[in-house]
Amino acid sequence: NTDPLYKGDGTVTWSSDVDMNGFLGVSPLNFTNSSSLQFDFISQKDFIKFDYIFASNEYGNNQCKPFSDVVLFILTDLTTNLPVNITTTLVTPTNIRKNQFNNSCADENPNLFGTFIDDANALSAAINFNGSTIPMVASANIIQNHSYRLKIIIADRADVQYDAAVFIRNYIQTTGPENGILGNDIV
């Protein structure tokens, strides 16, 4: 993060995700460098919950610009084939930000903003991103013994730099914690 010439990676040929575009109602040309994790499961409980943190290099200097990275959690009931975005709120640096880190734009959902990491603190930071949200939640009521597909999508918008990440807590919570293998929490 201390090198101003390198804040991300990817090319415009690394395209967007059709499911993400459908939920956001935008042209696929607006998003690049889309990555997703998708899996099917049969529910053993009646509730699913993911605790996560969204981090981006767009916080600070680029949080007021028209491009903004995004993350979505899309849950599809495989019986009805109806997808639902279970992300609590649209999560992007332009709609979760604090004006104190760039006074060119107003606060937007500042209560959801977590940490800003300036260049002076970049080498000691837990993550290599300019900023992150507070822990967020993606959750849904589900039907026991029912088949579902979950797709987690993250993408750049209108640029191939200033990347983002989503950090998922080390368990998937149904009705009670179940220890997972995704590593240590960063908060």
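Predicted model: local features only at pLDDT ≥ 70, side-chain atom pairs only at ≥ 80, totals over all residues.
A residue is termed buried when its relative accessible area is under 20%, exposed when it is over 50%, and partly exposed in between (1.4 Å probe, protein chains only). Residues are numbered from 1 along each chain as its sequence is written, and side-chain values use heavy atoms, with hydrogens and water left out.

The protein has 1 helix and 9 strands (DSSP runs numbered from the N terminus; helices are H or I of at least four residues, strands E of at least two). Of its 187 residues, 42% count as buried.

The structure holds 8 aromatic pairs (rings of Phe, Tyr and Trp, the last by its six-membered ring, with centres within 6.5 Å; planes under 30 degrees apart are stacked, over 60 edge-to-face and the rest tilted). The rings of Phe41 and Tyr148 have centres 5.7 Å apart and planes at 25°, so this pair is stacked. Because Phe41 belongs to strand E1 (residues 31-42) and Tyr148 to strand E8 (residues 147-157), the pair ties together parts 107 residues apart in sequence. Phe41 is buried at 17% relative accessibility, and Tyr148 is buried at 4%.

The pair of Tyr52 and Phe73 is tilted, because the ring centres lie 4.8 Å apart with planes at 35°. Tyr52 lies in strand E2 (residues 47-56) and Phe73 in strand E3 (residues 70-77), so parts 21 residues apart in sequence are tied together. Both Tyr52 and Phe73 are buried. Tyr59, Phe101, Phe113 and Phe116 form one aromatic cluster.
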